[in-house]
Amino acid sequence: MSAAVDATAARATSAPVAVDARLADALLQLADSPLVLAQRLCEWIGKGPVLEEELASTNVGLDLLGQARLWLGYAGEVEARTGAPSRDEDALAFHRDQQEFRNVLLVEQPNGDYAMTLARQFWFDHAHRLLLDALTRSRDERIAAIAAKSVKEVAYHVQRVDDWIVRLGDGTDESHARMQRALDALWPYTGELFVDLPADAGLVADGVLPARAALRARWLAEVDAVLATATLTHPDTAFMHAGGREGRHTEHLGHLLAEMQFLPRAYPDARW
Amino acid sequence: MYAQLVDTGQKAVQDDATMSAEDRAFQQRIDADVKIEPQDAMPEAYRRTLVRQIQQHAHSEIVGMLPEGNWVTRAPSLKRKAILMAKIQDEAGHGLYLYSAVETLGVTRDETTEALLAGKSKYSSIFNYPTLNWADIGTIGWLVDGAAIMNQIPLCRCSYGPYARAMVRICKEESFHQRQGFDLLMAMCRGTPEQKAMAQDALDRWWWPSLMMFGPPDASSVHSAQSAKWKIKLLSNDELRQRFVDQTVPQAEYLGLVIPDPDLCWNAERGHYDYGAIDWDEFFAVIAGNGPCNRERLETRRKAWDDGAWVREAAVAHAAKVAARDRAAKEAA
Amino acid sequence: MSTPPRNEWPLWEVFIRSQHGLAHKHVGSLHAADAAGALRNARDVYTRRNEGVSIWVARSSDLHASAPEERAELFDPAADKIYRHPTFFPMPDEVKHL
């Protein structure tokens, strides 16, 4: 191919290249939250409060990991369309640094006690289900298909976590206090779930992504209904942390990745 | 095996002539391959031995989650991570099925758990060894699960119904563990020199403990003979160990790994591999609590149990509140 | 074995319908604080490999079982009623549809 033809081809595709680069980033936002949360749930393995709960929580982790793999696979394909070197799910999971991760800050918060783990799950699962439900109507067919598969799994996560919030909120004095403390501590990380990044505006306008801000009212109604049954509340504070989806993380993510990525980083030539 | 050195409480194998009429009737049912079910009459020694054996087996599944859990957060690919999570989850399930079998014998799960945490009930010696590199995960699947299956398949025919049924379910799920372990090792052995070295290092460390899993030679053991008579132990330790060696040597050759036993060689006359002497002092030291990881394993389980107490209590308290409200609503209506 | 469990979750029996059209079959037991928890736990413990389309749970303490010592009077009387079985009535080969 001559240089002239190359240049013409590049001009013709420059607009799609920019769109694809943005789409790849949006897909990483969808991938990294379940990926990081699955990694957190892995840390519970062998240490759960009761045997049945070990199995259940691992099922949630496996669902999330499976979803992350689907999103990462698609992100890699879209990224390759921009002319970037092709990266598969493992290259994306294990060879990006923390500032390249696009997960919400909520999911990287440490496990803490079981109340903290469930509070994190509660805030996230409801938002996750609403987001996936909206994504089933994406104009991008691949996104719609992945969302359709995932939303069924997450609907179950929501039921399960709701049961636990009610049990622990309306259980003993100790469980109530622990649950309330955990909900309060993680509340300031919920705002980011409903932020529409300016950089994603084009994809929202094109019907590829939903407007996340529009999901918040329904989310609040859902979680409030559960909290009321559980005799729990959410804080009134308006302050919210943000930045995870743009690569600005808390200190926790670096440690999580150092552990998760150790082998592929130490042995970059190995295939596992 | 997962249940090692199970004490039957007998000083000698029961002799038909001196047995009570009830015990003789019971033995006749066993001899006729009738399955014993929870409500059936059974000699107290049979019940106690089964409780011990199934408890050990269950605890082994649960404690066995820990050496693998040590690597699940560091699995080097997302596929391997998913496979390992599912495998450890299966082990939790196996523990659960077996605890349920113990409950049919009148011992609750909490009682069984407390026996483990108090150090009164044992688990397999193998899980007191550390997992030091990623190949250990493959090696556990290949050798440890491989050895376990060898023992568990005959137990599907054991005399106690709930135990036999739990074993059927476990064996179905377990068959994939051994394969996935071997698959992991194939990838390592075909990989870089460092990966191959990890695989050899893992085999060097796990080979002898795997052979010890089957327990000491039992030809002269009163307990083994009594358990065999009750059909809750169907093959001898040495018989199983020999089968294991015979099946594993060619697999190691396929992987290009060297089994760390200079005395290992094919004996054409016997039609089996001869292998070197096992260090039973090490085995008894591990059983007595002095393995490399005994203390950490039990501490991890104790911490999980203690940290989870408020969660379990809250769930019970909530269920009681709901039941009380339901009753009050019915009375008001 | 003597101390009563302090706060142990009750035991439940789990029954799974493996396919549409088949009966629910007993598959095992588990612990849960309440019925909702028992159903969810049953899903997570006993249907990980696509084993079911429907789940029943019942508290183990609510199940009533026949006593083994009554086995003779309960079941032996049926043993000699061979005329209840179709094979008791041999039919000539040339007679069809019977």
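Reader: Which residues lie nearest the centre of the largest cavity, and how many line it?

Author: General idea first: rolling a probe the size of a water molecule over the atoms shows where empty space is left. Here, 16 residues line the largest cavity, and A:Ser33, A:Phe124, A:His128, A:Leu131 and A:Arg212 lie nearest its centre. A cavity is a set of points on a 1 Å grid over the protein atoms alone where a 1.4 Å probe fits but cannot get out, and lining residues have an atom within 4 Å of a point. Keep in mind that this is a predicted model: local features need pLDDT of at least 70, side-chain atom pairs count only at pLDDT 80 or more, and totals for chains, interfaces and linings use all residues. Residues are numbered from 1 along each chain as its sequence is written, chains are lettered from A and ligands numbered from 1 in the order in which they are written, and side-chain values use heavy atoms, with hydrogens and water left out.

Reader: What volume does the largest cavity have, and which element gives the most to its lining?

Author: About 160 Å³, where a volume is the space filled by probe spheres set on grid points joined across faces, edges and corners. α5(A) gives the most to that lining, with five residues, and α1 and α5 of chain A each supply at least two. Helices (H or I, at least four residues) and strands (E, at least two) are DSSP runs numbered from the N terminus. By class the lining has 11 nonpolar, three polar and two charged residues; Ala, Val, Leu, Ile, Met, Phe, Trp, Tyr, Cys and Pro count as nonpolar, Asp, Glu, Lys and Arg as charged, and the others, Gly among them, as polar.

Reader: Which residues are closest to the centre of the second largest cavity?

Author: A:Glu53, A:Trp164, A:Arg167, C:Gly37 and C:Asn41, out of 15 lining residues. The second largest cavity has a volume of about 110 Å³, and its lining divides into six nonpolar, two polar and seven charged residues. α6(A) gives the most, with five residues.

Reader: And the largest pocket: which residues lie nearest its centre?

Author: A pocket is an open set of points with protein on both sides within 12 Å along at least five of seven lines. B:Arg165, C:Glu13, C:His26, C:Val27 and C:Gly28 lie nearest the centre of the largest one, which is lined by 33 residues. The volume of the largest pocket is about 1100 Å³. Seven lining residues, the largest share, come from α7(B).

Reader: How much area do chain A and chain B bury between them?

Author: Buried area is the accessible area (1.4 Å probe) that two parts lose on being put together, summed over both. Chain A and chain B bury about 4000 Å², 71% of it on carbon and sulfur atoms. On chain A's side, A:Leu51, A:Asp170 and A:Trp272 supply 18% of the area buried against chain B, more than any other three residues. In contact (heavy atoms within 4.5 Å) are 48 residues from chain A and 46 residues from chain B.

Reader: How many salt bridges does the rule find across the interface of chain A and chain B?

Author: The rule wants a side-chain nitrogen of Lys or Arg within 4 Å of a carboxyl oxygen of Asp or Glu, and it finds three across this interface. B:Arg109, for instance, pairs with A:Glu52, their closest N and O atoms being 2.6 Å apart.
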